[in-house]
Amino acid sequence: MASGAVDAAAEGVAALGISAGDGDEWAQPSPALRRNLRLLSHDQVELAKMLLNEGQGHLFEHWPEPGVDDDKKKSFFDQVCRLHSSYPGGLASYIQNAKKLLADSKAGQNPYDGFTPSVPSGEVLTFGDDNFLSLEAAGVKEARNAAFVLVAGGLGERLGYKGIKVALPRETTTGKCFLQHYIESILALQEASCKLEGGCDTKIPFVIMTSDDTNALTIKLLESNSYFGMEPSQVKILKQEKVACLADSDARLALDPNDKYKIQTKPHGHGDVHSLLYSSGLLEQWKSTGRKWVLFFQDTNGLLFNAIPSALGVTATKGYNVNSLAVPRKAKEAIGGITKLTHVDGRTMVINVEYNQLDPLLRATGHPDGDANSETGYSPYPGNINQLILELGPYIAELKKTHGAISEFVNPKYTDSTKTAFKSSTRLECMMQDYPKTLPPTAKVGFTVMDTWLAYAPVKNNPEDAAKVPKGNPFHSATSGEMAIYRANSLILRKAGAQIYDPVISTFNGQEVEVWPRITWSPRWGLTLKDVKEKVNGNSSVSQRSVLVINGQNVIIDGLSLDGALIVNSVDEAEVKVTGHIENKGWPIRHIDYKDTLEKEETRIRGFKFEKVEQLEVNYTKPGKHCLSS
């Protein structure tokens, strides 16, 4: 360490009245730290005091005399500074919260003590009826006043995929990744909403929350693909920091097993998105430009944008401050239930209650059957899918009070029943959907339920885990996620009047799924059901073995009989009518073993690939009216 830096650090310590042997009594409990105080800046001394006050003297026990590892000691405090500045209230608040939560965990404290559950108010939508069409139209109108926030801090390791999850193909007919689909969907909403206004230059903001694991790869994916057509200025990246790990029930911070000058860290959870948005200043910017809504979504639900227009319409027409998207949920199904909780002191909240907590909570509060299906065949507590729509004004007001801090939980794995030691270090966690926990009783919190086939097919399980899922439960794998897209598109076309052949049942990677025609379209072609209905005319049919890809805004399906593979690409200025009988050998599906390392990971985790034997692909690059017929 240069002598000038040492002198500066010494001056900083002296300014506090601290010097070796004089004025440093506060450091007496940690002799190793006390000997090294001369190395520290003013701010670092303050952080050291805080750590000792919070019972963290063990962090310095191994520190050698000054002159040995001095750079590593300073690097340690650089990390402490980052952990301190990235947590609402600072590192002392984190440690204090950890002590309380760990004490509650050790005592077996029930977080729902004193609360009685009841069914909250919300909207249950029926796909395709007049109300649904009306709400979709209302949502498209409101889209120009919205901002979108994607939480994408995770890698695909749990899926058996080493890349970032948003880079995974949403479906392999076109190969478009999740992030491309999300951006194209937002741009389609932006264009459609502005058209209703009679033309406008609104650019819908899009925020992506990344982590150390995903930040560089997300930026690379965007830049190498020209932001998938979105203006770079519309996209903001907010990177979340990790939090300190906890070594024991006394909330002593854990040192990295491989580096004694580094605190071990782990992800804090996607609840960090709220504090990041607050500290970024983006919310106030959005408010100043007339934004009204913030839509939060997660990284691998390929059906989500089928639900966005109508859900946004519900939020606006019902005046919800918070609207949670939900799907019908079978009793005891492994998905959280949206529940109203009323405390004995009068407090109320509408939040997600995890499925393994909902049943015992109901039984303990006068519901002997616990979480049971109603006469509808489903639980009255709808399934939470972690997609939120918040009204911006009340959201800002709440974050000014909380600074974005979200109710946390801790989940230590104890070595034995004494609950004194952990099998491995733990940390505090928080979830995006727990935002409503701090809201006042006057807040208008609701939900919108849509059919699962339309709105929810997350990709989160690897083939081995998915194959172990009990029969009848969703696989939530890359296999089921892709097949769900084809099912949804097929059913949407059926609702629009087309004859879509029934699926066949097939098994891939040990998962039995329905295989519908492989139908996919760009969001600008079929953003809403009304859009699709306007572009599907006549007695059109698509056989089960067929592939239909529509890339173009003005493609009209009119009397088409498809038995094979058809890809239609057209520029916006071209109006293309597709009609007649088209038949070819198509794209047969070939089974792939997920252990076959000759195949790419994104193929192996699905268990199938398309053999592109024969297709008709047409490209319309010139304006005007065109007709494709047999």
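Student: Why is cysteine 177 called buried?

Tutor: Its relative accessibility is 6%. Buried means under 20%, so cysteine 177 counts as buried. Keep in mind that this model is predicted.

Student: Why does cysteine 245 count as buried?

Tutor: Its relative accessibility is 0%. The limit is under 20%, so cysteine 245 is buried.

Student: How do you know that cysteine 194 and cysteine 200 form a disulfide?

Tutor: Look at the sulfurs. They are 2.0 Å apart. The cut-off is within 2.5 Å, so the pair qualifies. By this rule the model has one disulfide. In general, such a link is a covalent bond between the sulfur atoms of two cysteines.

Student: Which hand does the link of cysteine 194 and cysteine 200 have?

Tutor: It is left-handed, with -80° about the S-S bond.

Student: Which residues of the largest nonpolar core touch the most other members?

Tutor: Phe148, Leu179 and Phe206 do, in a core of 107 residues. Helix 16, residues 478-495, gives the most to this core, with nine residues. A second, separate core has 38 residues, including Ala32, Ala48, Val80 and Tyr87. As background, nonpolar side chains in soluble globular proteins tend to be buried together.

Student: What does leucine 179 touch?

Tutor: Leaving out residues up to four places away in sequence, leucine 179 touches Leu150, Val166, Phe206, Ile208, Leu221, Leu222 and Phe228.

Student: What makes serine 490 count as buried?

Tutor: Its relative accessibility is 0%. That is set against a limit of under 20%, so serine 490 is buried. Serine 490 sits in helix 16. Beyond residues up to four places away in sequence, serine 490 touches Ile500, Trp516, Pro517 and Ile519.

Student: How far apart are serine 490 and threonine 520?

Tutor: In sequence, 30 residues. In space, 8.9 Å from C-alpha to C-alpha.

Student: Why is helix 6 called roughly perpendicular to helix 7?

Tutor: Helix 6 (residues 130-142) packs on helix 7 (residues 178-196) at an angle of about 95°. Their axes are 7 Å apart. Roughly perpendicular covers 65 to 115 degrees, so the term applies to helix 6 and helix 7. The contact uses Ala137, Val140, Lys141 and Glu142 of helix 6. From helix 7 come Leu189, Ala192, Ser193 and Leu196. By class, this contact of helix 6 with helix 7 has five nonpolar, one polar and two charged residues.

Student: What makes helix 9 roughly perpendicular to helix 13?

Tutor: The angle between helix 9 (residues 272-280) and helix 13 (residues 392-402) is about 95°, with the axes 10 Å apart. The range is 65 to 115 degrees, so helix 9 is roughly perpendicular to helix 13. Helix 9 brings His274, Leu277 and Tyr278 to the contact, and helix 13 brings Tyr395, Leu399 and Lys400. The residues of this contact of helix 9 with helix 13 divide into four nonpolar, one polar and one charged.

Student: What is the phi of lysine 332?

Tutor: It is near 70°, a positive value in a residue other than glycine. In general, most residues other than glycine have a negative phi. Lysine 332 lies in the loop between strand 12 (322-327) and strand 13 (337-343).

Student: Why is lysine 332 called partly exposed?

Tutor: Its relative accessibility is 46%. Exposed would need over 50%, and buried under 20%. Therefore lysine 332 is partly exposed.

Student: Is asparagine 509 buried or exposed?

Tutor: At 12% relative accessibility, asparagine 509 is buried. Its phi is positive too, near 50°. Asparagine 509 is in the loop between strand 21 (504-508) and strand 22 (511-515).

Student: How do you know that valine 555 is buried?

Tutor: Its relative accessibility is 0%. The limit is under 20%, so valine 555 counts as buried. Valine 555 belongs to strand 27, residues 555-563. Its contacts include Trp525, Ile550 and Val578.

Conventions. Residues numbered from 1 in each chain as written. Predicted model: local features only at pLDDT ≥ 70, side-chain atom pairs only at ≥ 80, totals over all residues. Heavy atoms only, no water. Buried < 20%, exposed > 50% of the residue type's maximum accessible area, 1.4 Å probe, protein only. Core = buried A, V, L, I, M, F, W, Y, C linked by side-chain atoms within 4.5 Å. Helix = DSSP H or I, 4+ residues; strand = E, 2+ residues; numbered from the N terminus. Contact = heavy atoms within 4.5 Å. Axes fitted to C-alpha atoms, helices over the stretch in contact; angles between N-to-C directions. Parallel < 35°, antiparallel > 145°, perpendicular 65-115°, else oblique. Nonpolar A, V, L, I, M, F, W, Y, C, P; charged D, E, K, R; others polar.
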